[in-house]
Amino acid sequence: MIELRKYQQDAIDSIYKYFMGSSGNPLIVMPTGTGKSIVIGDFIRNAIDNYPNTRILNLVHVRELIEQNYLTLKKIWPTAPAGIYSAGLGQRDINAQIIFAGIQSIYKKTDQLNNIDLILVDEAHLIPRNVNTMYG
């Protein structure tokens, strides 16, 4: 089991605090090297523990981050019901409860996802605010 640093736990706590008092899309900002994939993995594990029927989609723009986030979750939670949907990684698991996906691979397949309760975007700063993108 990975023990979170205080700032990592604070980031996760801030997500729950946000949802308790607001609706919308919270944003967590963490510098390079501070363990974002650990925060993502632990948040996902906690979310499924607290809300067992939740389906989660983790979107990124490069296959290296898909694999990193997936492997980090599996290190935190070896039996996680997770899969990968990425042409670059040669995997197309669209039915997993937790899907780690490349935006380029999955954006035209959203009709096949059925219900997704929570979408996490790694590297969200790359999404322009005023342009229609694949993320939209």
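Residues are numbered from 1 along each chain as its sequence is written, and side-chain values use heavy atoms, with hydrogens and water left out. Because the model is predicted, local features need pLDDT of at least 70 and side-chain atom pairs count only at pLDDT 80 or more, while totals for chains, interfaces and linings use all residues.

**Helices 1 and 2**

Select helix 1 (residues 6-21) together with helix 2, which spans residues 36-50. Helices here are DSSP runs of H or I with at least four residues, strands are runs of E with at least two, and both are numbered from the N terminus. The axes of helix 1 and helix 2 are 10 Å apart, and the packing angle is about 45°. Axes are lines fitted to C-alpha atoms, for helices over the stretch in contact, and angles run from 0 to 180 degrees between N-to-C directions. Helix 1 and helix 2 are therefore oblique to each other; angles under 35 degrees count as roughly parallel, over 145 as roughly antiparallel, 65 to 115 as roughly perpendicular and the rest as oblique. The crossing of helix 1 and helix 2 is right-handed, a term for a near helix turned clockwise from the far one by less than a right angle (left-handed if anticlockwise).

Now show the side chains in contact, meaning heavy atoms within 4.5 Å. Helix 1 contributes Gln8, Gln9, Ala11, Ile12, Ile15 and Tyr16, and helix 2 contributes Ile38, Val39, Asp42, Phe43, Asn46, Ala47 and Asn50.

**Helices 2 and 3**

On helix 2, select Ser37, Ile38, Ile40, Gly41, Asp42, Ile44 and Arg45; on helix 3, select Gln68, Asn69, Thr72, Leu73 and Ile76.

**Asp42**

Centre on Asp42 in helix 2. Is Asp42 buried or exposed? Asp42 counts as buried because its relative accessibility is 5% (buried is under 20% relative accessible area, exposed over 50%, partly exposed in between, with a 1.4 Å probe and protein chains only). Leaving out residues up to four places away in sequence, Asp42 touches Leu4, Gln9, Ile12 and Ile76.

**Aromatic pairs**

The whole structure holds three aromatic pairs. Rings of Phe, Tyr and Trp (its six-membered ring) pair if their centres lie within 6.5 Å; planes under 30 degrees apart count as stacked, over 60 as edge-to-face and the rest as tilted.

Select Tyr18 and Phe19: their ring centres are 5.7 Å apart and their planes lie at 75°, so the pair is edge-to-face. Tyr18 is partly exposed at 26% relative accessibility, and Phe19 is partly exposed at 38%.

Move to Tyr70 and Phe100, also edge-to-face, with centres 5.9 Å apart and planes at 80°. Tyr70 is in helix 3 and Phe100 in strand 4 (residues 98-102), so look for two distant parts of the chain, 30 residues apart. Tyr70 and Phe100 are both buried.

Select Tyr85 in strand 2 (residues 82-86), which is buried at 4% relative accessibility. Beyond four places in sequence, the residues touched by Tyr85 include Arg92, Ile99, Phe100 and Lys109. Gly102 is 17 residues from Tyr85 in sequence, and their C-alpha atoms are 6.7 Å apart.

Finish at Glu67 in helix 3, partly exposed at 39% relative accessibility. A line drawn from its C-alpha atom to that of Asp10 spans 25 Å.
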